[in-house]
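Please read them with the coordinates open.

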Amino acid sequence: MYELTDAEWQVMRVLWSQPNQTAQQIHQALQTSNDWTLSTLKTILFRLKGKGLIHYKRQGRAFCYASCLSEQVAIEHAFETLLERSCERKHIDWMTFLLKKAALSKHHIELLQQVLDERKINAPQTIECNCPKGQCICHSNEI
Ligand SMILES: [Zn+2]
């Protein structure tokens, strides 16, 4: 699968907010947050195209770019990638960190509580380590 750099995320966010934009339009949208030249932006667009994450079509004299994947899918993939980087027994640390850091309204917290209540029904008593030996400390007491 793919991974997105910070710069690529920024471009994808512009295309998620409004598809079918020219490089000039994307460049303009990012002007306040970046001092990229149009040529830098075109390099990023080229890389995103190479990763199969955007497509373009000719519209008059310009090319219009659009995303090939939804923001939701991209965010889910990014978090799955993060979770796969650590022992399943450490997912609680990731979750706790996110819960403390994320911007959450009272309504959001109620939604999260519902998700937790649903998860609790079938949750195991303990989480087993699924790591290969040598990649986490769970196996360190085993001979
Ligand atoms: Zn482990």
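1. Strands E2 (residues 54-59) and E3 (residues 62-67) pair in the antiparallel sense over six bridges; pairing requires at least two DSSP bridges between two strands. Helices (H or I, at least four residues) and strands (E, at least two) are DSSP runs, numbered from the N terminus. Across this pair, His-55 stands opposite Ala-66 in E3. The hairpin of E2 and E3 has two residues between the strands, and Gly-60 takes a positive phi near 70 degrees there.

2. On provenance: this is a predicted model, in which local features need pLDDT of at least 70 and side-chain atom pairs count only at pLDDT 80 or more, while totals for chains, interfaces and linings use all residues. Residues are numbered from 1 along each chain as its sequence is written.

3. Asn-20 is found in the loop between helix H1 (6-17) and strand E1 (21-22). Asn-20 counts as partly exposed because it has 13 C-beta neighbours inside 10 Å; the class lies between buried (20 or more other C-beta atoms within 10 Å) and exposed (12 or fewer), with C-beta atoms placed from the backbone.

4. Which residues make up the largest nonpolar core? It has 10 residues in all: Val-11, Val-14, Leu-15, Ile-26, Leu-41, Ile-44, Leu-45, Leu-48, Ile-54 and Tyr-65. A nonpolar core here is a set of buried Ala, Val, Leu, Ile, Met, Phe, Trp, Tyr and Cys residues joined through C-beta atoms within 7 Å. H1 and helix H3 (38-50) are the elements that give two or more residues to this core, and H3 gives the most, with four residues.

5. The axes of H1 and H3 come within 10 Å and cross at roughly 85 degrees, the axes being lines fitted to C-alpha atoms over the stretch in contact, with angles from 0 to 180 degrees between N-to-C directions. H1 is therefore roughly perpendicular to H3, a label for angles of 65 to 115 degrees. Ala-7, Glu-8 and Val-11 in H1 meet Ile-44, Leu-45, Arg-47 and Leu-48 in H3. Leaving aside neighbours within four places in sequence, Ile-44 is in contact with Ala-7, Glu-8 and Val-11; contact means C-beta atoms, placed from the backbone, within 7 Å.

6. The domain assignment gives domain 1 (6-67) and domain 2 (87-131), with bounds from an automatic or database assignment. Their C-alpha centres lie 35 Å apart.

Definitions and conventions: Two residues are in contact if their C-beta atoms, placed from the backbone, lie within 7 Å. Angles under 35 degrees count as roughly parallel, over 145 as roughly antiparallel, 65 to 115 as roughly perpendicular and the rest as oblique.
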